[in-house]
Amino acid sequence: MKITQNIRRKCIQIAAFGLSNLHAGNFLTGKLYTGKWKYFCNPGLHCYSCPAATTACPIGALQTVMGSVKFDFSFYVVGFLLAIGVVLGRFICGFLCPFGLIQELFHKIPLKKLRLPKWMKYIKYAILAVMLLYPVVVTNYGLGDPAFCKYICPSGTLTGAVPLLLADEALHTAMGPMFIWKASLLVIILVCCMMIYRFFCRVLCPLGAIYGLLNRYSFYRLKIDEDKCIHCGKCKKVCLMDVDPTQTPDSPECIRCGACAQACPTGAIRMGFGIRKKEKSPSASCTGSCASCKGCPSKDK
């Protein structure tokens, strides 16, 4: 049986989810893993307070450090995000993010599917800007809260707050308006994920915004062979992120899932590491000897 790109991606997603949650037994005790791996960040969105979590959330770590009284700049977290973003871009969203897998599973629930209005994809950049500025402003008056984690993050509610409340009845007394707000927001986001593919990823995730900004510079990219492309539109039709790979292969919304490459009837789309945005096959009649064909693949033959 031929293993499709989608099956390979799902296997990687499940493996990444498992590595992100090596301490599943903690769900029964309501305790958190606090070992040495918690000093490292997960490349995707996964709450530090999840009982099973192996590593920390980069968004939570970034906000916590920025919101400290001393306002230390987290060179480790920023360096980590920039480094992994430049290497992989939004491949991280498509393959390595634990909450990305959860969103895709909810999208499989049979409910009417809708398209995302184009303007909504810019909301995540506004959230990123507010998230970065909020600790700076608030810290001038005291300890800044990690705003995104406290007021929005559905991953923290689903994998952190809910399991802890179920495991420890003593925490029930701590439930208040904030938990009601977060739980309500979680329900809304999950329902939206059922109808719109990766709704949170595309609309609200500041981590997706960071990787999206780095997508066009990442070493891992889509490669388009213009000579093979017949402009049939099949790649655009199968893209659940509403990207046209032939027009914007470096789109900030592309999660490098590979669906377009699998659907391409001529093999014009490939995924991999490289720096060229588009490839052009050498003509059969080209000898590579003309002075004007500098850079042509045939020139070195």
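M271 touches Q5, Y220, R221, L222, R256, C257 and G258, leaving aside residues up to four places away in sequence; contact here means heavy atoms within 4.5 Å. M271 sits in strand β2 (residues 269–273). Helices (H or I, at least four residues) and strands (E, at least two) are DSSP runs, numbered from the N terminus.

The model is predicted: local features need pLDDT of at least 70 and side-chain atom pairs count only at pLDDT 80 or more, while totals for chains, interfaces and linings use all residues. Residues are numbered from 1 along each chain as its sequence is written, and side-chain values use heavy atoms, with hydrogens and water left out.

**Chain totals**

The secondary structure of the chain comes to 14 helices and 3 strands. Of the 301 residues in the chain, 47% are buried. Buried means under 20% relative accessible area, exposed over 50%, and partly exposed in between (1.4 Å probe, protein chains only). Among contacts in the chain with a separation of 6 or more, 76% are between residues 24 or more positions apart.

**Core and enclosed helices**

The largest nonpolar core has 58 residues. Such a core is a set of buried Ala, Val, Leu, Ile, Met, Phe, Trp, Tyr and Cys residues joined through side-chain atoms within 4.5 Å. The residues with the most contacts inside this core are L45, I59, L81, F148, F199 and F200. I59 touches L45, M131, F148, P206, L207 and I210, not counting residues up to four places away in sequence.

I59 is also one of the buried residues of helix α3, together with P58, G60, A61, L62, Q63 and M66. Helix α3 (residues 58–66) is mostly covered, with 7 of its 9 residues buried. In helix α12 (residues 206–214), 8 of the 9 residues are buried, so α12 is largely enclosed by the rest of the structure. The buried set in α12 consists of P206, L207, G208, A209, I210, Y211, G212 and L214.

**Helix pairs**

Two packed helices are described by the angle between their axes and the distance between the axes. Axes are lines fitted to C-alpha atoms, for helices over the stretch in contact, and angles run from 0 to 180 degrees between N-to-C directions.

The axes of α3 and helix α4 (residues 75–88) come within 9 Å and cross at roughly 145°. The crossing of α3 and α4 is left-handed, a term used if the near helix is turned anticlockwise from the far one by less than a right angle (right-handed if clockwise). P58, A61 and L62 of α3 make the contact with V77, V78 and L81 of α4. The residues of this contact divide into 6 nonpolar, no polar and no charged. In these classes, Ala, Val, Leu, Ile, Met, Phe, Trp, Tyr, Cys and Pro count as nonpolar, Asp, Glu, Lys and Arg as charged, and the others, Gly among them, as polar.

For helix α1 (residues 5–20) and helix α6 (residues 98–107), the axes come within 9 Å and cross at roughly 125°. That angle makes α1 oblique to α6; angles under 35 degrees count as roughly parallel, over 145 as roughly antiparallel, 65 to 115 as roughly perpendicular and the rest as oblique. α1 passes α6 in a left-handed crossing. R9, K10, Q13, I14, F17 and S20 in α1 meet P98, G100, L101, I102 and E104 in α6. By class, the contact of α1 with α6 has 5 nonpolar, 3 polar and 3 charged residues.

**Individual residues**

H107 lies in helix α6. H107 touches K113, C193, M194, M195, I196 and Y197, not counting residues up to four places away in sequence. K112 is in the loop between α6 and α7 (123–139). The C-alpha atoms of K112 and M195 are separated by 5.8 Å, although the two residues are 83 residues apart along the chain.

D242 is in the loop between α13 (234–238) and α14 (259–263), and R256 lies in the loop between α13 and α14. Phi of D242 is near 60°, a positive value in a residue other than glycine. Phi of R256 is near 55°, again positive in a residue other than glycine.

| Residue | Relative accessible area | Class |
|---|---|---|
| K112 | 64% | exposed |
| D242 | 34% | partly exposed |
| H107 | 14% | buried |
| R256 | 0% | buried |
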